[in-house]
Amino acid sequence: MKDRLQELQSEALEKVKYAEDLKALQDIRVAYLGKKGPITEVLRGMGKLSKEERPVIGQLANDVRESIASAIQTKQDKLEEEALEKQLEEESIDVTLPGRPVHVGGPHLLTSIIEEIEDLFIGMGFEIKEGPEVETDYFNFEALNLPKGHPARDMQDSFYITEELLLRTHTSPVQARTMKQKDGHEAVRMICPGKVYRRDTDDATHSHQFTQVEGLVVDENIKMSDLKGVLNAFAKQMFGSERDIRLRPSFFPFTEPSVEMDISCKMCGGEGCSVCKGTGWIEILGAGMVHPNVLETAGYDPEVYSGFAFGMGPERIAMLKYGVDDIRHFYTNDIRFLKQYHKV
Amino acid sequence: MLVSLNWLKQYVDIEDQTPEELAELITKTGIEVESVEPIAEKLNDVVVGHVLSCEQHPNADKLNLCQVDVGEETLQIICGAPNIAADQKVAVAKPGAVLPGNFKIKKAKLRGVESNGMICSLQELGVDEKDVPKEFVDGIFVFQDEVEVGENAIELLNLDDIIIELGLTPNRADCLSMLGVAYEVAAILDQPFTPQEEILHPVQEKASDYISVHVEDPDLNPYYGAFIVKEVKIGPSPLWMRNRLIAAGVRPINNVVDITNYVLLEYGQPLHAFDLDRFGTDEVVVRRAKENETITTLDEQKRNLKPDHLVITNGKQPTAIAGVMGGADSEVHEGTSNILLEAAYFQPVAVRTASKDHGLRSEASTRFEKGVDPNRVVRAGMKACELLEKYANGKVLDGVVEFDQLAREPKKVEITSSHINERLGTSIPDEEIADILRRLQFGYEQKGEMFTVTVPTRRGDVELFEDMLEEVARIYGYDNLPYTLPGGASQAGGLTLHQQLKRKVKNYLQGAGLDETITYSLTNAERVSQLVSREVKKQAAAPVSLAMPMSEEHSHLRLSILPELLASLSYNVARKQTDLAYYELGTVFISEEEQVTVQPKEQLRLSGALTGNWLVHPWQQEKKAVDFFVVKGLVEGMADLLDLKLTYKQAKLPDMHPGRTAEVYLGEKVIGFIGQVHPKLQNDLDLKDTYVFDLNAEELFAHYQKEEAFQAIPKYPSISRDIALVVEEQSAAGEIAETILHAGAPLVKDVRIFDVYQGEHLEEGKKSIAFNLLYMDPNRTLKDKEVEEAHEKILTAVKEKHQAELRG
């Protein structure tokens, strides 16, 4: 009996060794370990054995059974592993084929610039104010120290609808409206982005519609050095920390003193080149201390309050920053133009 | 304003700066320098030559063979100029000279005869043709003054000058004169400058014996001065004066005209010289023009005058439009000998109106329009008389005949150093402020830190404390201001909810694949009425149009963004860019009045236009053209984002596909529409199938509520059931889903349509719609029985409302 069991064991292990697939392995399991298998049969004949022999043979039978089962399991794992590998091999794909496109659109370049400016000034505690694009003559001109008959408000330069209504020529009326709204005693710290309109023939550098971002700070004890500090912070963040600014005198009816701000030229670092026309500086924006007439018209006492204002053109900034060479690109909406600035 | 540095040097010492350094200083301190250019390119070896003889070239009719003494030698030069003649003094470029355009002068043979140099025209020496005196335009330049043979002609002709062009802002009219520029530069460089006195040697005869002056409109003409200069000899003005005029971009004409122009450039005061003998009468009457009055100006144009125009008359008819242009009849000409010289102050507005109406902007009108210095009017007249004495052989009569109500008192402005420093953020000491005032040549009285400044009348722009603030700051130097940030109560900056929502919606649409556009607000008469949403149309009485449009293309304010968006698509398609998905968030302008009197309402609308393919993925054979449901999906996604419930009703709208258009409702209110553009319009625009949406963004944003409270995640399982209903083919699936949701409330949380079928196994004219219903109670597990009951209720409701049968 003992011999028989050992014989069965080596026979089974041999078969397991050469089993080629899971089915064959299953057959071996049934053949040797099943209820009708030879080991079970051997165990059934144990009754004939002596009392001393019985546990020995029983033990042996169990060992044989386990060794076969374990061999089957090992073999099974191996076969399964091979089968999986084969399957995965077959599932392999060409990873260099293009993916299913996810089409993502993007903001208009001017929107990107304006939002960047907004975020910079929000960081400095500014609000964003908006106002109507069709303005009254009063807010567009008169409240800004441009009385009727002033040469700077020529009919030829503005799109009038009636004598009293026109398309705003700058976003400055939003400043006048904001001051009025604050009622002459609250502090103001805001910027106002928006579309503006002028009677210009569209060409590479002129557009009858364009955008502006203006800013206004009014409070007690606002100084010109504050204007310089705020513009410097803006310029460094917008154009790079290595850029310098300079202010030089200019003229706007609604500010006094009035200045223009230049930044040092990126191309030549201030040495002078063709981009900056040899001056080393590029004009970016106009600014100044709010004219006392403007403060007064809005109800602020110019003896108590002072302020500064500034205004810039996102188109110009875009043209400088990205080298856009024709202002009409901003309004033609050529997809090949729009796509270039998705990453901005 | 063109500033000749050689001229400026006569007033102020500028030798320590290069022209570029000077330009930089002027720009930083007050006036933007637009360019720094030499009057001519670098020249050398051009000298004065004396034409000893001039004979015809033996082999050429039109050439002359000249022997020219250039000092050290006599050169044989061939010259083709028609005005060459023996005994002239001319400018000779010797062999080795280089003329503008890198033109090298060499010895050469012309038609077999040797030529050793060139006799030059002013153009050849680099002078702009428009500035060349007329008599020399078509030939060589001939010296009319005493010059030495062999002298450096480049210096004599001022061709080594450098011109600085100032870009003057309207407030700095003082720098429309060389004296004004001299004051400015002297202040910047801290150099002394005192203008010369005018020196006259009048004869005994009195001007008042020849002329009288009457001004009828002192408001417009507070000062009129008439000088009489007799027996002038018209001829060329001296070379130095011509040089300065040319440098300033003014063509020399004759001594009398040149002198008035020269004084205008030097003093900033326009003058006018009449031929006294042709003036007509012995009185000057200044008045407003009469209706229907005319004058022929010296450009030979007959001009119609209006009472808005101020005119100089001889008591009978106009002889000049005040400050703008003189009349042809009394013009100074070659035979003139007696001159009536006008030095006047005309109010800016009078001159501006006339110069605008007649389209005449001259050096004179520009200065009057900006206001001249009241204290320089008479002095300028005297200066011109002085020059007429010297350079036109004139006899200046005694006295100036004048009408004078002109205010000449300088303004006084009080400043304190503490106020200045407070506003600038500086700590400039009193002495430095005093020093700045001295440099500016502003008078002042100082009491402690208080300065009472007397502003010279040349600086009409300085009136207020703030103007003085600017003067002090700019001379102190903006570079010297510190960098500070505004103090005061801090304010939290940020976006309003409305502004946040704008960004949210833009980000959503961009993420969904749409590109943002910005189109023009001004459109044409046809487009303005296209694709306007019904609720906008209802409110707008008429489109808003411009009073004076520049072109028909941009004459009306838009009522819809879509026409411009479609035009953009069309533009791209024409350039072979065919798959496009655009959106724009922008304003439309709604006026409730036929005739606009108040500001139109400005409504923010969100519009989109899509054409071509929405998705292309060729190698997996996927390709999806834009269709109604792509656009609807975009709008639905946005509604989800804003947590708004929008409904869609089939609609027939102009310019839209009648079967593929829906109006969009928020509650009971129409807020826009979506659908396909009418194929006819598509055709007109060369577009393939194009789908659009147009929504009132204000309504969307107004109903948005920021979700604040936390909503528990459901703990209990939901139950899902499908039903297929057979309905008439015109039935709207959305409405049935709505009925199901209502009837199944509160257990039915969601209804989804997952199949629509028509065809085999269904009766003609019917369709089957399959719905997936989601039952749920957030507080407990539902029992089958409850779901059954709800299901029954739903079936009854859809049968009643939509005659829907459960599909067997």
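Which residue of β32(B) does B:Tyr583 stand opposite? I looked it up in the model, which is a predicted one: the residue is B:Gly608.

**The sheet around that pair.** I traced the strands next. Chain B has an open sheet of seven strands, ordered β28-β31-β32-β38-β37-β36-β35, with mixed pairing. I checked the edges too: β28 (515-516) and β35 (646-650) of chain B each have a single partner strand, so one side of each has no neighbour in the sheet.

**Helices on the sheet.** I then went through what packs on it. Helix α13 of chain B (residues 497-511) touches β28, β31 (580-590), β32 (601-611) and β38 (690-696) of chain B. I noted an angle of about 155 degrees between the direction of α13 and that of β31(B). Helix α16 of chain B (residues 628-641) packs on the sheet as well, with β32, β35, β36, β37 and β38 of chain B as the strands it touches. For α16, the angle with the direction of β38(B) comes out at about 25 degrees.

**Back to β32.** How many of the 11 residues of β32(B) are buried? I get nine, so I jotted the strand down as mostly covered. On one pairing, β32(B) runs antiparallel to β31(B) over 11 bridges. On another, seven bridges join β32(B) to β38(B), again antiparallel. I picked out B:Ala609 here, whose bridge partner in β38(B) is B:Val692.

**Last stop, β36 and β37.** Strands β36 (residues 656-666) and β37 (residues 669-677) of chain B pair antiparallel over seven bridges. I found B:Glu663 opposite B:Phe673 of β37(B).

Note on methods
Residues are numbered from 1 along each chain as its sequence is written. Chains are lettered from A and ligands numbered from 1 in the order in which they are written. This is a predicted model: local features need pLDDT of at least 70, side-chain atom pairs count only at pLDDT 80 or more; totals for chains, interfaces and linings use all residues. Side-chain values use heavy atoms; hydrogens and water are left out. Two strands pair if DSSP finds at least two bridges between them. Helices (H or I, at least four residues) and strands (E, at least two) are DSSP runs, numbered from the N terminus. Contact means heavy atoms within 4.5 Å. Axes are lines fitted to C-alpha atoms, for helices over the stretch in contact, and angles run from 0 to 180 degrees between N-to-C directions. Buried means under 20% relative accessible area, exposed over 50%, partly exposed in between (1.4 Å probe, protein chains only).
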